[in-house]
Amino acid sequence: MEAFLASNPYFSAGFGLIGVGAGLSLLRTGGIHAISLVQRRLLVTVEIASRDPAYAWFLKWSADLQLKQQQTNTNSNKSLVEKLLQSNQLSLETSFRRASPSNAFNSTLSSNTNLKSNSSAASFALVAAPGRHVFRHANAFFLLERARDKGMLNLQTGAPFETITITTLARDRHILLSMLEDAKSAALKEEEGKTIIYTSYGPEWRPFGNPRRRRDLRSVVLDDGVAEKLTTDLHAFLRNGAWYHDRGIPYRRGYLLHGPPGSGKTSFIQAVAGDLGYSICLLNLSERGMTDDRLAHLLANAPPQSMILLEDVDAAFARNRDAKQEGFQSMVTFSGLLNALDGVAASEERLVFMTTNHIDRLDPALIRPGRADVIVKIDNVTDSQARRMFLRFYPGYEALANQFVIKIRPFFGEKSSDGDSDELLSMENKRCSPAALQGHFTLHRDSPEDALLYAEDLVGKETSNKH
Ligand SMILES: Nc1ncnc2c1ncn2[C@@H]1O[C@H](COP(=O)(O)OP(=O)(O)OP(=O)(O)O)[C@@H](O)[C@H]1O
């Protein structure tokens with residue numbers, strides 16, 4: 001039998017083929033193992049997902065790098081390697097003021113072309129397109145792979161989920177790390193002197209538009225002592241974290257600024273955030289899809305060094321009552337808001353600012369200490385405010401500032417300490433708002449004399465009696 005099989009050519013050929021096949025597959029597996037061993041030993045790979053802030057930082061940094069290299073090497077003196085490495089597969093990203101975080105960073109790319117007519121509203125950016133790109137930096141080569149997972153979409157923005165993978169030789173790992181560090185520093189440098197405004201996207205906080213230039217605290221002119229009172233309280237709170245922790249008191253402070261429209265509530269909060277180097281987390285309680293759980297999660301997970309801003313707190317619940325008619329789909333309940341503000345689980349520092357035009361419409365539970373620890377009225381202009389605002393717009397014109405205050409006083413009624421409260425109220429309501437005063441001075445920006453001459457124009461510009 002054995003002899004028969006051995007002498008059978010079909011059998012021995014089949015046997016030989018199986019042997020060759022097995023050998024090849026062994027070689028293939030060995031090859032794959034060898035390649036992965038080499039990859040593991042010789043190469044280093046870093047993967048960055050699009051939800052990580054480093055994703056936008058790196059994409060922007062690499063686009064900047066390519067642009068810099070293009071500018072320094074004109075086509076004529078470029079080496080062949082550099083010509084080959086120059087990627088022509090670019091992706092155009094147009095960003096608007098309300099941009100996703102990646103767009104927010106990309107919008108300032110040096111390769112961008114601002115739309116002349118509305119440069120702050122939209123800009124173009126050219127970044128590496130999905131695919132593979134090879135680039136050279138600090139005498140090392142890098143493979144950048146931008147992959148897009150079309151199956152996974154960010155439900156809030158509709159953007160596909162992406163990853164960047166950067167590969168280089170293991171011996172150049174330190175360059176890779178310093179590149180990431182550079183990308184981070186460049187991105188953070190852009191935020192220096194700026195205030196980042198976050199807004200909620202689903203359960204997370206995302207930057208809202210580009211970081212804004214910090215507003216000088218002195219540019220918000222409040223009545224005598226008001227700004228000082230608020231800033232002193234804020235600084236004392238921020239200095240005394242250990243005191244709160246030692247006594248087991250939740251480390252949070254709530255501020256309620258109330259008063260007529262255009263009196264500087266929001267401007268003051270922006271300025272104070274800038275002064276402290278804090279970000280602002282803008283929370284809209286009437287937002288579609290907002291629920292008690294989401295609100296609690298957002299309040300408990302605000303970015304570090306940020307303050308929460310709840311504007312027009314009175315409006316959210318007034319509207320919710322008519323949700324059906326007005327199409328609001330916020331599901332936040334009043335008790336949900338109170339629980340979120342109390343933040344049972346949160347032990348981190350938390351600063352909450354609330355604003356309203358109608359303090360009388362607020363439920364006492366919302367403004368009790370612990371939720372609103374400091375309640376301050378930010379009102380229409382007093383003599384002192386009008387004078388200081390005049391001098392901010394027209395520095396040095398002391399005499400005109402005094403004449404201006406005297407001239408506008410009869411238009412609005414003069415606040416006297418002995419007047420009865422009704423009379424006082426009606427007079428206060430007639431006084432003009434700082435916003436109206438700002439408009440008047442802006443109109444006459446080149447002429448303090450005209451600002452004084454046309455002071456009558458301010459009559460009827462008061463805003464507090466319009467609602
Ligand atoms: N006290 C102030 N000092 C300087 N500028 C002011 C002041 N108040 C208002 N302004 C100017 O008026 C405009 C509107 O101000 P802001 O939005 O801060 O008012 P607000 O009190 O928050 O109004 P609302 O209650 O309608 O939200 C801003 O451009 C701001 O510069």
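Predicted model: local features only at pLDDT ≥ 70, side-chain atom pairs only at ≥ 80, totals over all residues.
## A first look at the model

The chain has 18 helices and 15 strands. Of the 467 residues in the chain, 29% are buried. Among contacts with a separation of 6 or more, 72% are between residues 24 or more positions apart.

Averaged over the chain, pLDDT is 78, and 73% of the residues reach 70 or more. The model as a whole scores ipTM 0.98 and pTM 0.69.

| Stretch | pLDDT | Contacts beyond four places in sequence |
|---|---|---|
| Residues 319–327 | under 50 | seven contacts |
| Residues 463–467 | under 50 | 13 contacts |

### Helix 13 and its buried face

Now for helix 13, which spans residues 334–342. Which of its residues are buried? They are Leu337, Ala340 and Leu341. Look down the axis of helix 13 and these buried residues fall within an arc of 100°, so they line one face of the helix.

What do they pack against? The partners of the buried residues of helix 13 are strand 11 (252–258), helix 10 (292–300) and strand 14 (350–356). After helix 13 comes Gly343, with a positive phi near 45°.

### Where helices 14 and 17 cross

Another spot to look at is the meeting of helix 14 (residues 383–393) and helix 17 (residues 434–443). Their axes come within 11 Å and cross at roughly 30°, and the crossing of helix 14 and helix 17 is right-handed.

Which residues make the contact? Helix 14 brings Gln385, Ala386, Met389 and Phe393, while helix 17 meets them with Pro434, Leu437 and Phe441. Sorted by class, the contact of helix 14 with helix 17 has six nonpolar residues, one polar and no charged ones.

Terms used
Residues numbered from 1 in each chain as written. Helix = DSSP H or I, 4+ residues; strand = E, 2+ residues; numbered from the N terminus. Buried ≥ 20, exposed ≤ 12 C-beta atoms within 10 Å, placed from the backbone. Contact = placed C-beta atoms within 7 Å. Axes fitted to C-alpha atoms, helices over the stretch in contact; angles between N-to-C directions. Left-handed = near helix turned anticlockwise from the far one by under 90°. Nonpolar A, V, L, I, M, F, W, Y, C, P; charged D, E, K, R; others polar. pLDDT = per-residue confidence, 0-100. Arc of directions from axis to C-beta.
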